Amino acid sequence: MPNPEQTIPRPSKIIAVHLSYASRAAQRGREPDAPSYFLKPTSSISPSGAAVHRPAGTELLAFEGEVALVVGTPARQVSVERAWDHVQWVTAANDWGLYDLRGADKGSNVRNKGRDGYTPLGPELIDARKVRPEDLRLRTWVNGQIVQEDITAGMIFPLAQFVADLSQHLTLEEGDVILTGTPAGASVAQPEDVVEVEVDVPQAGLSSGRLVSRVEEGPDTFDPALGFTPAVDDKQREEAWGSREAAGLPQPRTGLSPELKAKLQEVPVAGLSQELRKRGFNSVSIDGVRPTRPGTKLVGTAKTLRFIPNREDLFKSHGGGGNAQKRAFDAVGEGEVIVIEARGERGSGTLGDILALRAVARAAAGVVTDGGVRDYSTVAEIDLPVFSQGPHPAVLGRKHVPWDTDITIGCGGAAVQPGDVIVGDNDGVVVIPPEIAEDVADAALAKEAEDAWVAEQIKAGHPVDQLFPMNAEWRARYAEETNR
């Protein structure tokens, strides 16, 4: 079979597909409606057997075994039916990525997937005219153990669709390479690992051979004065390893059921606080925060964001681009409350109207910060519960560096973990451990009903003594009248 280095002309471009296999989509928990793409530089191409460098001090170098298509004749505005005619060769590829730089890329993948040597191809080429595009098999091994195996018949989109779709927007030229996405099983490699990828057609006896990559610790360094430096959080760890379990991360707590959410919407924070105290929880109030709009009720589960005190060099490396603050607001899920640790520092804004609008677009339940809010009156007009220390006109960098997300934080004197239940109203905000939230809500509702009955007795002229709290006689009367 032909060798890619001898046969493929230097491509004008490498185009990679984001998410294409049903198995990978199931692993990620999302399935695209249409293909999406990113570009890789041709300088990232390397041959089989070459080293792949993980820069010193980084953590998340991830492999992705893929089927690579090599264009044989130019394609522009071609149909799906004729698209495969423009593919000359099929081979194996490994779409390496350094997830430590993924957040900074904001979807472009320039830094994390464009590095030298991060697109090995080969070692041999399969003639596309001798195979059906749905008959290809992809396998990946790490240190001799198979970790990926799937067939192109299991893809969300057929291979020919990528060629036809891309040709609507640009001319695919001879030698251009299309990386067609990876199935489930892509994960993180360590220095000294050997990763092999093969594409074959078993029934036809055709194979690309095994594409070999040897992982080495690299000498590269990153100057924060020039641009972004590597940074990871648990979201990137989950994406790089393929799952929270594979990354060694605890499983996220589930969101609120509609029934529990309805209960928490009804019960006041003061009642919840009382029931939490009965259960020994005395440090669950987020102190000092008030709603931008009086009368606002907030119910949701916590998504956490931590700011550290401003330091100029750290803000330069962590404050721009896809920083932790922007990642949190771009990733917040429906029904989640972004809870911000700002150390009680009121001398700077921790969000403004743009981020509030982004939270609304993501169907977030609200925001709680023990810092300030910029654009305060505008934020108050947005249909989003926001609790804060009050307004402040200054930008984030005056007092804070956005540092990390989805970790345990402290907000207004209360410890908050991702998935904790957050409830707020005019009296303030409380944090409820999710495993007791149902019990606390039920008890608080029962106490509210009892207090409402007591209030009616006080209005009728009865004295407070013996009634609040109720003695045995009053409690018996309450039970009789309310069937409780």
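Strand β5 (residues 61–63) pairs with β14 in the antiparallel sense over 2 bridges; two strands pair if DSSP finds at least two bridges between them. Strands (E, at least two residues) and helices (H or I, at least four) are DSSP runs, numbered from the N terminus. Within this pair, Phe63 stands opposite Ser187 in β14.

An open sheet is formed by 3 strands in the order β8-β5-β14, with antiparallel pairing. Its edge strands, each pairing on one side only, are β8 (97–98) and β14 (187–188).

## Basis of the model

The model is predicted: local features need pLDDT of at least 70, side-chain atom pairs count only at pLDDT 80 or more, and totals for chains, interfaces and linings use all residues. Residues are numbered from 1 along each chain as its sequence is written, and side-chain values use heavy atoms, with hydrogens and water left out.

## Arg24

Arg24 is placed in helix α2 (residues 22–28). With a relative accessible area of 3%, Arg24 is buried (under 20% relative accessible area, 1.4 Å probe, protein chains only). Apart from neighbours within four places in sequence, Arg24 is in contact (heavy atoms within 4.5 Å) with residues including Glu64, Tyr99, Ala186 and Glu239.

## Residues by class

The lining of the largest pocket divides into 11 nonpolar, 16 polar and 22 charged residues. Ala, Val, Leu, Ile, Met, Phe, Trp, Tyr, Cys and Pro count as nonpolar, Asp, Glu, Lys and Arg as charged, and the others, Gly among them, as polar. Among the elements that each supply at least two residues of this lining are α2, α7 (234–241) and β20 (298–309).

Terms used. Buried means under 20% relative accessible area, exposed over 50%, partly exposed in between (1.4 Å probe, protein chains only).
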